[in-house]
Amino acid sequence: MRTLTKLDAPSRATNDLDDATTRVREEQQGRIKGDGPLARGTEPQETPPAVSRGGAGSASAHESAVKHVTGRAAYIDDIAAPADALHLALGLSPVAHGRLTRLDLEAVRARPGVVDVVAFSDVPGHTDIGPVFPGDPIFVEDEISYAGQVLFAVAAETHRAAREAVKAAIVEVDEQPASLDPVGAAGRGEAVRPPHVQQSGDWQRSLADAAHVIEGEQFVGGQEHFYLEGQACLVQPTEDEGVIVHTSNQHPSETQKLVAEVLGIPFHAVTVEVRRMGGGFGGKETQASPWACIAALVARRTGRTTRLRLPRAEDMRVTGKRHPFHNRYRLGVDAAGVIQGGELTLIGDCGYSPDLSDAIVDRAMFHADNAYFLGEARVTGHRARTHTASNTAFRGFGGPQGMMVIEAAMDDIARRLGEDPLTIRKRNLYRPGRETTHYGQTVEQVALLHHVVERLEASSDYWARREAITAFNAESPVIKRGMALTPVKFGISFTAKHLNQAGALLHVYTDGSVQINHGGTEMGQGLHTKICQVVARELALDLETVRITATRTDKVPNTSPTAASSGADLNGMAARDACLSLKARLFDFASEHYALDREGMRLEAGALVTGAGESERRIPWGELVQAAYLGRVSLSEKGFYATPLIHYDRMTGQGRPFYYFAHGAAVAEVSVDTLTGEYQVDRVDILHDVGDSLNPAIDIGQVEGGFIQGMGWLTSEELRWNDGGQLISDGPATYKIPTYGDLPPSFNVELLQGHPNSMASIYRSKAVGEPPFMLGISVWAALRDALSSINDYREAPRLDTPATPERVLLAAETLRHRGESTP
């Protein structure tokens with residue numbers, strides 16, 4: 001909505017205006033076109049709407065939705081480059097472990113179209129680009145740590161010429177045995193970072209005094225990010241020895257830092273821009289930087305724009321995945337199945353370098369309780385080093401892997417005691433008197449956690465369906481049905497305290513239009529849309545009046561990655577802070593300029609409003625903005641936000657690492673063919689807590705998408721390496737993500753209403769990026785439930801993930817064999 005005054009003709013409503021408004025408009029009348037950036041050609045609305053449209057809280061469409069579906073949304077490979085732009089291809093290690101004894105690139109340089117070849121010795125600055133801890137060389141110097149590690153890069157006139165030239169390299173390697181077993185590596189002390197322990201109380205005594213001790217172990221597989229847009233960047237050299245980097249990237253500031261260090265130039269000489277990504281999911285938080293560094297190195301050496309994009313198979317081989325985990329637990333429970341304490345051990349397969357593994361295994365440890373009180377417990381996390389690509393961030397950031405161990409335990413406790421798994425889960429939920437986590441944080445919304453579970457239990461008709469499923473299984477020897485309700489309690493904040501900050505830059509132009517920039521990045525999740533909605537709500541404008549611009553390091557510096565589900569929380573608050581500061585400045589100006597009472601002044605439906613009833617005064621937004629400009633009042637403002645209260649002491653393993661928890665629950669029902677291992681998901685019911693939603697349409701989409709991605713991780717997405725450590729599931733023919741046909745026929749998703757965040761988040765909303773992912777655990781638990789019926793629910797089978805049909809069949813055969821051998 002625009003409510004601006006036409007400057008080249010008197011307004012039709014002039015006679016109804018007060019003297020101050022008339023004076024302002026007269027001041028603007030005589031101005032010569034072009035003598036200042038004043039708005040022209042806009043008419044005030046005869047009857048302005050009562051409220052602005054599209055602000056935070058409304059179900060507005062994604063800001064790039066039309067561009068997405070029409071193909072007009074520009075991604076990195078759509079950016080036009082100069083005719084002389086160079087194209088890069090990478091020379092990769094053929095082995096997982098060894099020493100590079102010879103790298104002869106002379107034949108590569110002689111290939112047609114080749115302009116430059118770069119390797120370790122050509123790097124002018126830092127050669128280690130580890131994001132947090134050292135250990136990630138930009139090129140191999142000597143030791144090779146995984147199959148696919150970059151040895152050199154070729155720049156040529158065409159992409160094909162570069163790829164052909166790579167094959168001419170002479171590479172000689174002294175191959176050595178590769179370590180591919182993280183459990184063995186942890187036992188030998190081969191780790192990328194030291195182990196960490198969190199402990200509450202005397203866990204050994206709790207085991208000794210328990211009525212039952214339940215033990216188990218599991219393997220939780222990794223996951224390929226499989227973003228639609230692969231790793232890609234376009235780097236342009238600038239006239240001042242710097243570079244402009246266009247990249248598909250979740251952490252522009254980190255890429256700015258690493259590019260500058262590799263080139264040996266100041267940070268301010270590097271500008272990184274990200275308009276949008278075709279998916280990220282964590283795979284572009286740290287692992288988008290190496291490609292920008294290599295392209296920037298070539299761009300500076302040649303003075304030519306340089307493009308790098310990885311083919312899908314190469315992308316999958318050279319980048320890390322979700323960490324596979326090996327989990328073990330030993331828990332003491334009372335006669336009712338309530339946990340008294342115990343020990344949980346998590347071994348994360350980190351790959352060859354630290355990357356973000358320290359924080360990822362930490363978060364797995366933080367979430368090893370999920371929604372349940374562990375009592376007196378010890379949780380130990382190991383960061384095992386193996387000769388594979390360095391595993392990295394992925395939606396949930398270790399939290400899902402940690403939750404899996406306690407959800408396995410819930411099922412195992414239930415089968416030991418002959419209870420329904422939901423009954424055991426409900427008995428172990430956090431509750432008053434049992435609301436402190438094993439790392440010392442109080443769970444503040446325990447009543448809400450219970451409400452979510454109990455409401456979904458009722459709305460999904462859980463117990464009637466359970467009765468029907470049990471009766472069906474008793475009569476069906478081959479097809480078995482299963483059902484499970486699993487909760488989610490997920491902590492929101494970066495566990496690295498300094499990352500919990502954000503900035504924003506707000507501009508208001510003299511036609512009343514607004515531009516907002518912030519440090520978050522858009523990867524399809526709707527963050528930019530929500531930030532625009534925040535600004536529209538604060539300034540009481542229609543959403544179409546507010547425009548987002550590309551994330552750039554020269555607009556908002558020193559930003560945190562868009563990760564940890566905190567994009568809207570952090571950047572929304574920073575944008576709001578900018579709006580509040582600008583509003584205060586405009587109110588001060590209006591109070592003096594229009595001789596209005598500052599008290600009670602507000603923005604409403606595109607106007608500045610004071611008073612009420614007959615004494616109400618309304619000054620259109622556009623007029624206010626233009627008057628402020630003429631009054632030499634700044635129409636630009638920066639905002640900043642830092643999350644309060646959070647802290648964590650690694651020495652003691654205690655603290656409050658999360659600002660708040662997001663909750664949810666899912667019920668999944670499955671049918672399993674126990675003679676083939678094939679199965680289908682028949683029905684899913686989800687109730688998810690997002691506080692007061694910033695955008696219900698986007699949030700429901702995030703819940704649906706997160707659930708399906710989590711289901712894929714636990715069922716069909718299987719990563720496979722050969723004995724030499726080479727990834728063999730390197731494309732859609734060998735790696736299976738869920739498709740449309742995998743959607744459950746009945747898929748019911750609801751956002752919990754009427755329960756705002758108890759903490760002062762942006763409009764009392766809650767994060768929605770990662771928490772729904774873990775709702776997919778319900779599908780895995782339902783598969784175990786179906787299999788358990790084979791031996792009359794006496795035992796929950798071990799079912800490692802992904803629970804492919806092969807693994808399901810093996811579990812079924814194991815249960816049948818045990819049943820036959822039992823007298």
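**Helix packing and strand pairing**

Mentor: In this predicted model, helix α7 (residues 252-263) packs against helix α8 (residues 289-302) at an angle of about 40°, and their axes lie 9 Å apart.

Trainee: Why is α7 called oblique to α8?
Mentor: Angles under 35 degrees count as roughly parallel and those from 65 to 115 as roughly perpendicular; the angle here is about 40°, which makes α7 oblique to α8. As for the hand, the crossing of α7 and α8 is right-handed.

Trainee: Which residues of α7 and α8 make the contact?
Mentor: With heavy atoms within 4.5 Å taken as contact, α7 contributes E254, T255, L258, V259, V262 and L263, while α8 contributes S289, A292, C293, A296, L297 and R300. By class, the contact comprises eight nonpolar, two polar and two charged residues.

Trainee: Turning to the sheet, what is the order of the five strands?
Mentor: The open sheet runs β7-β15-β14-β13-β8, and its pairing is mixed.

Trainee: What makes β7 and β8 stand at the edges?
Mentor: Each of them, β7 (191-200) and β8 (212-220), has a single partner strand, so one side of each is left without a neighbour in the sheet. From one strand to the next, the twist averages 5°.

Trainee: How do you know that β7 and β15 pair?
Mentor: Pairing requires at least two bridges between the strands, and β7 and strand β15 (residues 376-384) are joined over seven bridges, in the antiparallel sense; by that criterion they therefore pair. Within β15, T380 is the residue that V197 stands opposite.

Methods. Residues numbered from 1 in each chain as written. Predicted model: local features only at pLDDT ≥ 70, side-chain atom pairs only at ≥ 80, totals over all residues. Heavy atoms only, no water. Axes fitted to C-alpha atoms, helices over the stretch in contact; angles between N-to-C directions. Helix = DSSP H or I, 4+ residues; strand = E, 2+ residues; numbered from the N terminus. Parallel < 35°, antiparallel > 145°, perpendicular 65-115°, else oblique. Left-handed = near helix turned anticlockwise from the far one by under 90°. Nonpolar A, V, L, I, M, F, W, Y, C, P; charged D, E, K, R; others polar.
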